[in-house]
Amino acid sequence: MRSAAASLLIVIIANFLLPAASATVPLTNTLSASASASASASASASASASASASAPVASRAQSGYHFQSSDTQSLQDDDFKNPGMLWVDTGRQYFNDATGSKNKACASCHKKLASSVATTFPKMNQHLGAVVNLTTQIQHCRSQHQQAEPIDYESETALALTAYLANHARGQRADHHVLAPPATLKQSVEDGGRYFNQRRGQLNLSCHNCHQDSVGKMLRGDLISHGQSNGYPIYRLEWQSLGSLHRRFRACDIGVRAQPQALGIDTYINLEAYLKQRGAGLLIETPAVRR
Amino acid sequence: MKTRISIPATAKKGDILNIKTLASHPMHSGFRRDAIGALVPRDIINRFRCEYQGQLVFEAKFGPGTAANPFLSFHLRADERGNVVFIWIDQQGERTEELRFLDIVDDEY
């Protein structure tokens, strides 16, 4: 009886390990690969691991781009058609327009805008003594350094500025600072990882259950993606608008019937830091188009 | 309303140009509800016109089923140098106008 249980355990372990090992080769982060290509790659992977039932386990970071239909991909590929570029355009304007009682623009202080600036977030802001992401940093600049009206996290202004700066870093890797996070960020990445793996809500699901264990399976009409953050803020067809990563987090939390957190809250910033580490090697695609 | 227009600055006489436009607009159908369940009133762009040398060359009518940020792509034959005017008219009758100058270059030289 005991040996039967042990051999069953070995079979289960083998089913988990085999497809993961054989799926490493074709699942790369190239923008030219299509969703169908990755689907066939995982199909051949499960075929080679003879006994596995359904095992499209993505062992390497894969952008959500590969989980979209070719129509949606073409919307993202063409900078003119991509509706997210409207926000990028507006963001450029906001960046250069003076505002607030100090009559300063973002560009007044940030004269030489490094293209990589968006890749350095989330990071520790020493003045605030807290880990900030790009949007909460913009909010802070807005109310403190420009002395302007505070802007909401999901406001058009915050979205536009975030999209503009993230678009500036398009094609760059976003993970340099989180691969070996400094002491000030380490805790944040760890807490984010814990949130990712923690089951929650009435459906009792963690992020990991869908976006790691069930990648490539269907959730009703949707293909479950790897849950990567490299395209945010995204233009989501369901939203008919640009939306932030934290809005997406809230949507997932609501989806598993958990208590959604407030936008810009520490919990979500930590999760954002963890996702950057998890998505090591991915290139920034902002503004990405998703279903 | 923010718009984007893609049209070449110069063309040869007789060229067929692909023109693309994108307008930022929520296109509320009048059937959606907001976070507290109240109906969001209908708010759409009704009509789009493109005029070339004062003549209407392309027109589109939108209904409430059109997605947000409507994108259009159409063709125009370059005849004479002149202005191409793009006009979006929303349901309140408010016009958004954009103007592009199209220059005709001679390639015989």
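Which helices and which strand of chain A do the buried residues of H7(A) pack against?

**View 1. Packing around helix H7 of chain A in the predicted model.** The buried residues of H7(A) pack against helix H4 (85-96), helix H5 (106-109), helix H6 (134-145) and strand S6 (241-243) of chain A. Of the 13 residues of H7(A), 11 are buried, and the helix is accordingly described as mostly covered; among these buried residues are A:Thr157, A:Leu161, A:Tyr164 and A:Asn167.

**View 2. The span of helix H7 of chain A, residues 156-168.**

**View 3. The interface of chain B and chain A.** The two chains bury about 1100 Å² between them, with 62% of that area on carbon and sulfur atoms. B:Lys2, B:Arg4 and B:Asn69 supply 51% of the area that chain B buries against chain A, which is more than any other three residues supply. In terms of contacts, 14 residues of chain B meet 14 residues of chain A.

**View 4. The salt bridge of A:Asp78 and B:Lys20.** The side chains of A:Asp78 and B:Lys20 meet at 3.4 Å, N to O, and the count between chain B and chain A is two salt bridges. Across the interface there are also five residue pairs in polar contact, with both residues at pLDDT 80 or more. Strand S1 (3-6) and strand S3 (16-23) of chain B are the elements that each give two or more residues to the side touching chain A, and S3(B) gives the most, with four residues. The residues of that side divide into six nonpolar, four polar and four charged.

Definitions and conventions:
Residues are numbered from 1 along each chain as its sequence is written. Chains are lettered from A and ligands numbered from 1 in the order in which they are written. This is a predicted model: local features need pLDDT of at least 70, side-chain atom pairs count only at pLDDT 80 or more; totals for chains, interfaces and linings use all residues. Side-chain values use heavy atoms; hydrogens and water are left out. The expected span of a helix is 1.5 Å times one less than its number of residues. Buried means under 20% relative accessible area, exposed over 50%, partly exposed in between (1.4 Å probe, protein chains only). Contact means heavy atoms within 4.5 Å. Buried area is the accessible area (1.4 Å probe) that two parts lose on being put together, summed over both. A salt bridge is a side-chain nitrogen of Lys or Arg within 4 Å of a carboxyl oxygen of Asp or Glu. A polar contact is a pair of N or O atoms within 3.5 Å; within protein, one must be able to donate a hydrogen and the other to accept it, and residues adjacent in sequence count only if both atoms are side-chain atoms. Ala, Val, Leu, Ile, Met, Phe, Trp, Tyr, Cys and Pro count as nonpolar, Asp, Glu, Lys and Arg as charged, and the others, Gly among them, as polar.
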